[in-house]
Amino acid sequence: MFKTALKLKWIGALIAALALATGFVLLSGWQFGISETEPPVKIDKTEKPVALIEHQEVGKELLGTKADQIVTMEGEFVPGTDKLVAPRLQDDQRGVWVLTEFKVEGAAQDAGIAVVRGWQPEATKPAAAPEGELEITGRLLPSEGPEFREDLRSATLPTVASAQLANIWDSVLYEGFVTAHEITTAKGEAVEQSGLQAVIVGPQPQEGQINWLNVFYGLEWVLFAGFAIFLWYRMVRDDYQRDLDEIAERAAEARRKNGNATEPGNSNE
């Protein structure tokens with residue numbers, strides 16, 4: 001069979017099959033390469049503070065490309081809007097978040113946003129929110145969605161849901177909420193809140209997503225590459241088999257002729 005494969009036509013066919021298989025392998029690599037997409041937003045972007053009023057519009061859904069961003073905003077806390085969200089963990093200790101409406105200066109429709117001022121271990125009345133013009137730097141996070149609360153008399157909320165808070169506060173709110181990492185006065189002085197620990201939320205895991213359809217296409221191209229080589233092998237094998245059949249036929253024809261030549265009555269006197 002090796003001699004058959006060395007025929008010029010099959011050497012040419014092998015070169016063509018290898019070229020075709022190489023093309024299929026390259027297409028496979030391309031499909032595998034695009035099967036994993038990058039995270040919606042990279043950490044190097046989310047950790048650079050941007051103004052909330054420039055980053056997100058009032059009344060717009062907070063998309064994945066906008067969430068998890070460190071934002072800054074100026075404005076004032078609205079007195080009497082404190083809400084407790086429980087249970088919340090801080091250093092593996094159960095407690096509550098203190099949530100307060102913050103009117104954002106320069107926001108459309110005089111909108112506010114829910115701000116997690118801090119964490120405290122007990123669901124008791126928190127320290128009053130700082131007064132006056134303030135600047136807050138924190139992480140913008142998407143709403144958690146309202147949950148059914150079994151005990152309607154509970155003083156705490158189970159989740160931070162913008163739609164629910166807008167009804168409670170009777171106010172126009174940005175979608176999502178901000179965990180306050182730092183609160184300063186208009187003069188840039190840090191504001192301390194008695195009894196509250198700052199809730200520092202780190203960036204979310206930056207994991208790409210896998211498109212399994214592209215992975216399937218990549219595997220298909222690999223199979224096509226293997227099939228190109230297999231097809232060349234089958235053609236060479238078929239040619240080799242035809243050569244063997246022709247040799248067998250010639251041998252059989254020769255035996256028939258020799259047999260006829262040795263039969264009685266066929267010899268010349």
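Arg 88 and Glu 144 form a salt bridge, with their closest N and O atoms 2.9 Å apart. Arg 88 lies in strand S4 and Glu 144 in the loop between S7 and strand S8 (156–157), so this pair ties together parts that are 56 residues apart in sequence. Arg 88 counts as buried because its relative accessibility is 12%, under the 20% cut-off. Glu 144, at a relative accessible area of 36%, is partly exposed. Please keep in mind, as you look around, that this is a predicted model.

## The chain as a whole

Let's step back for a moment. The chain has 269 residues, of which 35% count as buried, and it holds six helices and 10 strands. Among contacts with a separation of 6 or more, 70% are between residues 24 or more positions apart.

## More salt bridges

How many salt bridges does a search of the whole structure find? The search finds five. Side chains of opposite charge can pair when their charged atoms come close.

One of these pairs is Asp 82 with Arg 117, whose closest N and O atoms are 3.3 Å apart. Asp 82 sits in the loop between S3 and strand S4 (83–90) and Arg 117 in strand S6, so the bridge ties together parts that are 35 residues apart in sequence. Arg 117 is buried, with a relative accessible area of 2%, whereas Asp 82 is partly exposed at 27% relative accessibility.

## Arg 139 and its surroundings

What does the side chain of Arg 139 meet in a salt bridge? The partner is the side chain of Glu 47, at 3.0 Å from N to O. Glu 47 lies in the loop between helix H3 (43–46) and strand S2 (50–51), so the pair ties together parts that are 92 residues apart in sequence. Glu 47 counts as partly exposed, at 31% relative accessibility.

Asp 68 joins Glu 47 and Arg 139 in a network of salt bridges. The side chain of Arg 139 also reaches the backbone oxygen of Gly 202 at 3.4 Å. Leaving aside neighbours within four places in sequence, the contacts of Arg 139 include Thr 46, Gln 69, Ile 70, Phe 177, His 181, Val 201 and Pro 203.

Not counting residues up to four places away in sequence, Val 115 touches Met 73, Phe 77, Val 98, Leu 99, Thr 100, Phe 102, Ile 136, Val 178 and Ala 180.

## A nonpolar patch on the surface

Finally, have a look at the outside. Met 1, Phe 227, Phe 230, Leu 231, Tyr 233 and Met 235 form a nonpolar surface patch, with about 550 Å² of accessible area together. Phe 227 is found in helix H6 (residues 212–262) and counts as partly exposed at 49% relative accessibility.

Methods: Residues numbered from 1 in each chain as written. Predicted model: local features only at pLDDT ≥ 70, side-chain atom pairs only at ≥ 80, totals over all residues. Heavy atoms only, no water. Contact = heavy atoms within 4.5 Å. Polar contact = N/O pair within 3.5 Å; in protein donor to acceptor, adjacent residues only side chain to side chain. Helix = DSSP H or I, 4+ residues; strand = E, 2+ residues; numbered from the N terminus. Buried < 20%, exposed > 50% of the residue type's maximum accessible area, 1.4 Å probe, protein only. Patch = residues over 30% accessible without salt bridge, like charges linked within 9 Å, V, L, I, M, F, W, Y side chains within 5 Å. Areas by Shrake-Rupley, 256 points an atom, 1.4 Å probe, with all protein chains shown as cover. Salt bridge = Lys/Arg side-chain N within 4 Å of Asp/Glu carboxyl O.
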